[in-house]
Structures are given as C-alpha cells and as structure tokens.
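Student: I would like to go through this model one feature at a time. Please give the general idea each time, then the case at hand.

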There are 2 protein chains.
Amino acid sequence: MATRGNGRPRRPSITDVARRAGVSVGTVSNVLNRPDQVTPATRERVQAAIEELNFVRNASARQLRAGTIRTVGAIVLDIANPFFTEVARGIEDRLAPDEYTLMLSSSDQDPEREARYLRLYEEHGVQGVLVTPSQGSLETILALRDRGIGVVLLDATTEVEDVSSVGVDDVRGAALAVEHLLDLGHERIAFINGPDSIRQCVDRRAGVVAALVAAGRDPGAVLTEVTVASLNADAGEKAMHELLAIDASRRPTATFCVNDFTALGALRALRWADVRVPDAMAVVGYDDVAIAPMLTVPLTSVHQPTHTLGWTAADLLLREAGADGPAEHQRVLFQPELVVRTSTAG
Amino acid sequence: MATRGNGRPRRPSITDVARRAGVSVGTVSNVLNRPDQVTPATRERVQAAIEELNFVRNASARQLRAGTIRTVGAIVLDIANPFFTEVARGIEDRLAPDEYTLMLSSSDQDPEREARYLRLYEEHGVQGVLVTPSQGSLETILALRDRGIGVVLLDATTEVEDVSSVGVDDVRGAALAVEHLLDLGHERIAFINGPDSIRQCVDRRAGVVAALVAAGRDPGAVLTEVTVASLNADAGEKAMHELLAIDASRRPTATFCVNDFTALGALRALRWADVRVPDAMAVVGYDDVAIAPMLTVPLTSVHQPTHTLGWTAADLLLREAGADGPAEHQRVLFQPELVVRTSTAG
DNA sequence: TTTCGTCCTTGAAACGATTCATGGCCACTC
DNA sequence: GAGTGGCCATGAATCGTTTCAAGGACGAAA
C-alpha cells in the first residue's frame, strides 16, 4: 500500500477511486458534485469504489482549486461566559443548514490573542469572521475587512463606519430595570456598577440616569452608585455591605446590579444581614443567566436575546458573502427584556 | 489589479511576492520557513514585499503540499454546559503553545450530528479529534481511528480497547460525598439521582452504595433514592418536596444530589419550606459549578479537574500524533475532590 | 590560475481536487 | 446515408505552496 514515509498508509485520493472504478478523475468529481450528469451505472461503480477505499474528500485541495470554503471564524471574549456560549449556539444554528462550519475561539480580552486567531482564520481562507472586539483591536479588524474578508462585530454597539454589527441596547436594558423599580414605588435606588473601562458599564449607567430623568426624578437625589473593580459575586457582596451601613432612613430600598454575578453577591450579603428580599431590599440583575430563576430567591434580571444575537450575526455574514458587489453594512441593535421574579416582586 | 471574476481582488500569492521582490518563489518560501538560510539583504527585500502586498499564506495550499495541518477537532456533548467549556479551555491551553488550533463543536448528544462533524474534521485533515461519545457512536469513532486519525475520548470511563481516553472517577466522587455525610454523623441519607441512561448517574449510584457498604452500613436502611427524569433545578425541587413529605422521624437528614443544578432546586424547596440548611438538612452537589460558592448558602460539591481533563486529553493526542509507530493508547482517570462549604458544615 | 567547498538561489515537480473544452457515441431526422 | 444534436466521459490545466536536486557565485587554498 502506498505510504507517506512515516509508515502510515496514504489517504486514498480521487485518482485511486478513478483507477479502481475504471473511469477518469473528472468522472469521479462529477459523481461527487453533479451526480445527475453521470449515467447511473457509472455512478454506482464509482460509489462502490469510494466505499471500498473509504475515500474521504481532501478539503484543502478542494478549497485550493475552488477558492472558497464554507467556514466562518468566531472570536468571543470569554468562552466560559454563558452569554457567549449561547451566542455561539445561535451562530451554529444559523450556519448548520447552509452546511457552513464554525471555528470558535476565545480571545480572553487579549488583543494579541485576538490578532493571532484572526490571522489564522485568514490563512485558512474563511469566508468571514464574527468578532467581539477587545480594546483597541478595531484597526486589525478593519484591515481584515479591507482585504475582502467578511466581518461582523458581535455584541458591539459602537458606531463604526462600514462594518456590520449586532448588539443589544444596554442603555435601554438598564432603563427597563430602573423603570420597573420606580413603578414599584422605590424612591431611593442603589446602582452597583463596574469600571468605566467596560463599555457595558458606561452604557448601563447612561440608561439608569436616562430613566430617572425621564420619570422626572433628580438622579443626584434618588441614586446611590457604588463602583466595584470586577464583576463577580464577592465584589457584589462587599458593595451591598457598604449600602447596608447606611442609616435605614436614608438607605436605598432597591438595588440594580450591573450583572447577575454581582447580584448574587448582593443577595448573599442581604441573607447574612437578615434583610428580607424584596420587602426590605429589592434586587435586579443583568444578563438573566441560567441560574437566575434557580436561586433561593429567584432573581429579577434583564434578559438579552443571546441566541438571536448569534443567529443574526451569522446571518448578516452569510448575506454579505452571498452578495456580489460591495456589501452593504448593517447595524442591528436588539432590545433587551426585563424578566420579573421574586427578588423584586415577591 | 488581478481579480477572480466576482469583482473582488485576488489575494496576493507567493508568486506575486517573488515577482515584486525580484526573487524566485523558492526563496520566498525559504524566507517564510527557514529564514536563516537566506541572506539578510534578500530576506529584507522579501519581507518588504510581503508587507507591501499584505501577503497572507494560503493554508490550504500549504497543507495540500505538506500533507499535515496543525489543527485538532473537538466535539463535546453540550457547549452550553460549564463543565465542557472549562474542558475546552484546558484543551486550548495545551494546544496554543504548540501552535495548534482547535475546531470546536457541540453534538448535543445527537450521534448524527456527531458523525457529521467527524467527517468534516476528517475532510479538513485534522491531526486528531477529541470526542465525548454519545450513545452508540463508538463504531464511527473507531473507524476514524483505523483510518489513521488520532482519537482521544473525553470524559469517558468505559473500557474500550485501543483508544486513549481521559475521564474522572465518578464512582469515587460519589463515595467522597457520602463519606463526608457519614463523617458528619448522618445516618439517613437521600440520593437524588437521574436516569440510568446517563452513565454518570449509574457510576455515581455505584459510588454511593460502595461508600455505605465500606462504612459497614446497610444501604437499604440508610439510603432513600429519588429518581428524576432530567438533571435541572425544577426536578431537584420536586424531588426535595417528596423527601420533605416524609415524616420527620424517618426523613433523611442529608441529601446528595447527582449534580449542582438539581441541588439548586433542592435548596430552593428547603428555603420555601423553611427547613434550615445544613442543620435540618445537609446538601451536597456535584460538579462544583462556578456559582456553587456564590449561593446564599454556599454549596458543598464534588469538584472535577475539568481544565486538567481537557489539557490532558489534548496532550495525549499530540503525543500520539508525534509518535511515529503505532501509538500506545492510554487511559487516564482523574480523581475528583470534595469541596466542603456551608451547605453541609455550617 | 585552477580547484574546491560553501553558501544562496533557482525553478520545476508534486500535493488532490475542480473545471471545461474536446470528442466519442448513439439515436433520430430528413 | 448523411447530418444534427444530446448526452457522457475524458484528461489536461489550474489553484498556491513546499521541497529538493541542480546550478551559480565567490572566496580560499594550492
């Protein structure tokens, strides 16, 4: 048997199949790609040869000649974050029926890592990439697009010219949360927020303020903002302790947390301090992670259409790839929804 | 500029670079792959041409000629499950320094989907695949291996000849949980388990029974098993309600749940019934998901070395690929650890 | 000056599939 | 029987890279 020098048998090629079936390579290719243009008898002979040899097409050779490849690359900020896995699922669901495949990777917010994966995808000749840009990586991405590779920004709300993007309206999401608390009659509201280096935090603060102003309140009087360095449970717990130190007469009666993990910590602090939720303190989170409804006090949270987000991003990309002329770029902004649970309306 | 018929400019090839730099294609290839064999002056000229043209290697042509590709495919059961995302992270971390890349996908326990991805990976010429086999898919996987593609089974404990695999000892993990409860003095223990169609459930029951027997207890007397259809919070909550219906004098004083989501539901039921944890009922989960320590009652749980699992699987694969002769197959079984938190030892 | 030897560079062959102009074969029509 | 057209099969050219035998240039040694 033919070998490749390393002792392993060589994969059968289209030539081997042709020889075995007693036809030309062109005919084998026709069986694979245009079976109706081949006489049934010939077709069956070729099929038999394919099965006997366990022939598997070589995607590289195929792509080299055809110039195209049905693959899309995606780079998310953090693959361990449920938000992004749900987005990835949405992307896959859009690609599968078109027989596209997904190459998925995680940049971990590292622009260098992101650049490495972008180059890799480009070398592989993907039709396009879906990227959640990390800070300062936009230039690399735009250069990629200029070289003719489809680009859709994922979870981006920044206004960039000539790039398609999908995102969720964080300003509106935060506003929804605050409107809900105002509706419930809360007049002193706390906001546990993260640093300004994270876009989401900036946008959500804007939403909080906008909602208060729209309701005729003075943000300075109603709002107590606590800033935490990282968006995890421990930070949320610490922040809530600060709030609980405030004299009961001036203490906020509701807290909006910039994400669910922070809210989880806040709830824990409340539990330990024996403050009843939602009677003595209402809590709203953001992201509506899978466990939000499973908590001992199910958490009211702002839900984002993650699956749709991914689906739409992939859809935009495929459309761009399908278009012949220079693509028209679209920016899609989804609206979040508030899911009311026990932590605010017990 | 050269075009490809669809109006888009053609990507510059190594030939374009060679022409621009006034050298042969062989020299350009040398600059890319063996830079030290090229005179500095020539090298710089070529580098300049590469940058001016924005040349990017064509991975397909490269692979076609070289016959190999530094890519590994992985198929997990459910990409939305934190267990698998952490495993994926481990895989990536092992591959990155060797400049391998990962193609990741999710079979959703569908053998057909799994087969489709396997074939795709094979067409792309991956060096190997990491698979969590879904039911009855082993044959496809073995055929793949026979065709010379590296295979490592992920999270598999079944004994299959001639295939490498990595897994975590579920029997031992469950035993750890029960030993812990016995140490705390519990003499009536509940076990909320899933269906026998899931291997983990079978293994974990075996561990529960083994631990009781080893401690000289009669499982029939100590154990109350409740079976749920799916491993989520609602099922866990319902199961705990069943347990709470038992007369207090005979009711178990501790519950071991087959995974953390079930435990979450159980905790919720306890909270609503105002049963104090851990005093009136201790609870142990399994998986140690990220939110286990964030709960209002931090959850005691069995921790699995997910990252290491993925890392090791990838490591085995790379070793097999590196070996020249027929690979020696290894089966690695990791040991889980119990993480004690408030829900058992408040 | 000649002869080596070293060090770079060259250019054609090869990888495996797809494409397409070419031509063979056959049936049918006039 | 010649002409026409439809249907299939053919096989060489092609994609962009890597590889490697062969050749060229140049300096050092005799």
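This is a predicted model: local features need pLDDT of at least 70, side-chain atom pairs count only at pLDDT 80 or more; totals for chains, interfaces and linings use all residues.

Student: Which residue forms a salt bridge with Asp155(A)?

Tutor: A salt bridge here is a side-chain nitrogen of Lys or Arg within 4 Å of a carboxyl oxygen of Asp or Glu. Asp155(A) is paired with Arg199(A), and their closest N and O atoms are 3.9 Å apart. Across the interface of domain 2 and domain 3 of chain A, the rule finds one salt bridge. On the side of domain 2 of chain A that touches domain 3 of chain A, three residues are nonpolar, three polar and one charged. In that count Ala, Val, Leu, Ile, Met, Phe, Trp, Tyr, Cys and Pro are nonpolar, Asp, Glu, Lys and Arg are charged, and the others, Gly among them, are polar.

Student: Into which domains is chain A divided?

Tutor: Domain bounds come from an automatic or database domain assignment. For chain A they are domain 1 (14-57), domain 2 (69-168 + 307-333) and domain 3 (170-304 + 339-345). Seven residues from domain 2 of chain A and seven residues from domain 3 of chain A make the contact, where contact means heavy atoms within 4.5 Å.

Student: What area is buried between domain 2 of chain A and domain 3 of chain A?

Tutor: The size of an interface is often given as the accessible area lost when the parts come together. Buried area is that loss for two parts, taken with a 1.4 Å probe and summed over both. Between domain 2 of chain A and domain 3 of chain A it is about 640 Å², with carbon and sulfur atoms giving 44%.

Student: And what area is buried between chain B and chain A?

Tutor: About 5100 Å² is buried between chain B and chain A, and carbon and sulfur atoms give 54% of it. Glu123(B), Met294(B) and Thr296(B) supply 13% of the area that chain B buries against chain A, more than any other three residues. The contact takes 58 residues from chain B and 60 residues from chain A. Six salt bridges are found across the interface of chain B and chain A. The side chains of Asp78(B) and Arg89(A) form a salt bridge at 3.2 Å, N to O.

Student: Which rotation superposes chain B on chain A?

Tutor: Two copies of a chain are related by a rotation about an axis and a shift along it. Here a rotation of 180° with 0.0 Å of shift along its axis superposes chain B on chain A, at an RMSD of 0.2 Å. The two copies are therefore related as by a two-fold rotation axis. In chain B, the C-alpha nearest the axis belongs to Ser60(B), 2.2 Å from it.

Student: How many residues surround DNA strand D?

Tutor: A residue is near a strand if one of its heavy atoms lies within 4 Å of it. DNA strand D is surrounded by 25 residues, the closest being Thr27(A), Thr42(A), Ile14(B), Arg34(B) and Arg65(B). Of the atoms of DNA strand D that come within 4 Å of the protein, 67% belong to sugar and phosphate. A base oxygen of DNA strand D lies 2.9 Å from an N or O atom in the side chain of Arg65(A).

Note on methods:
Residues are numbered from 1 along each chain as its sequence is written. Chains are lettered from A and ligands numbered from 1 in the order in which they are written. Side-chain values use heavy atoms; hydrogens and water are left out. Copies are superposed by least squares on the C-alpha atoms of residues with pLDDT of at least 70 in both. A polar contact is a pair of N or O atoms within 3.5 Å; within protein, one must be able to donate a hydrogen and the other to accept it, and residues adjacent in sequence count only if both atoms are side-chain atoms.
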